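The model is a predicted one.

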Amino acid sequence: MALYGLYMALTEGVAKALVGDCAPAELRGRAMGLFHAVNGIAMLLASLLVGILWTSIGSQGALVCGGSLAGISLLMLLLWRKQVSHLE
């Protein structure tokens, strides 16, 4: 639980600052609301998926699925970053 708290402490403020910096001043509140709504829905769906996997195939299967999705996300980020660097 302490690791999750550390993760949130290190990332939540940065994410809010990014949304605030990217949104025009007149839409900043709406952008923050949309960011938090999408973030909350994503966390709800992720929790539901892990709960279903944990119940149906056990803790090991749920953790393997989570690790696999994290690995796929990392790969997609690296590929996206490579594409963006070619555009500059």
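**Helix 2**

Helix 2 covers residues 28–57, which is 30 residues. From its first C-alpha to its last it reaches 43 Å, close to the 44 Å expected at 1.5 Å a residue. Just after helix 2 comes G58, with a positive phi of about 100 degrees.

The model has one aromatic pair. Its members are Y4 and Y7, whose ring centres are 6.1 Å apart. The angle between the planes is 35 degrees, and the pair is classed as tilted.

Both residues belong to helix 1 (residues 2–22), where they sit three residues apart, or about one helical turn. An α-helix has 3.6 residues a turn, so residues three or four places apart point the same way. Y4 is partly exposed, at 43% relative accessible area. Y7 is also partly exposed, at 48%.

**The largest pocket**

The largest pocket has a volume of about 250 Å³. Its lining includes Y4 and Y7, along with M8, F35, H36 and M43 among others. Helix 1 and helix 2 are the elements that give two or more residues to this lining. By class, the lining of the largest pocket has seven nonpolar residues, four polar and one charged.

**The second largest pocket**

The second largest pocket holds about 200 Å³ of space. Among the residues that line it are A46, L49, C65 and G66. Helix 2 and helix 3 (59–87) each supply at least two residues of this lining. Seven residues of the lining are nonpolar, one is polar and none is charged.

Terms used:
Residues numbered from 1 in each chain as written. Predicted model: local features only at pLDDT ≥ 70, side-chain atom pairs only at ≥ 80, totals over all residues. Heavy atoms only, no water. Helix = DSSP H or I, 4+ residues; strand = E, 2+ residues; numbered from the N terminus. Expected span 1.5 Å × (residues − 1). Phe/Tyr/Trp six-rings, centres within 6.5 Å; stacked < 30°, edge-to-face > 60°. Buried < 20%, exposed > 50% of the residue type's maximum accessible area, 1.4 Å probe, protein only. 1 Å grid on protein atoms, 1.4 Å probe; cavity = no way out; pocket = protein on both sides within 12 Å on 5 of 7 lines; lining within 4 Å. Points joined across faces, edges and corners; volume = space filled by probe spheres on them. Nonpolar A, V, L, I, M, F, W, Y, C, P; charged D, E, K, R; others polar.
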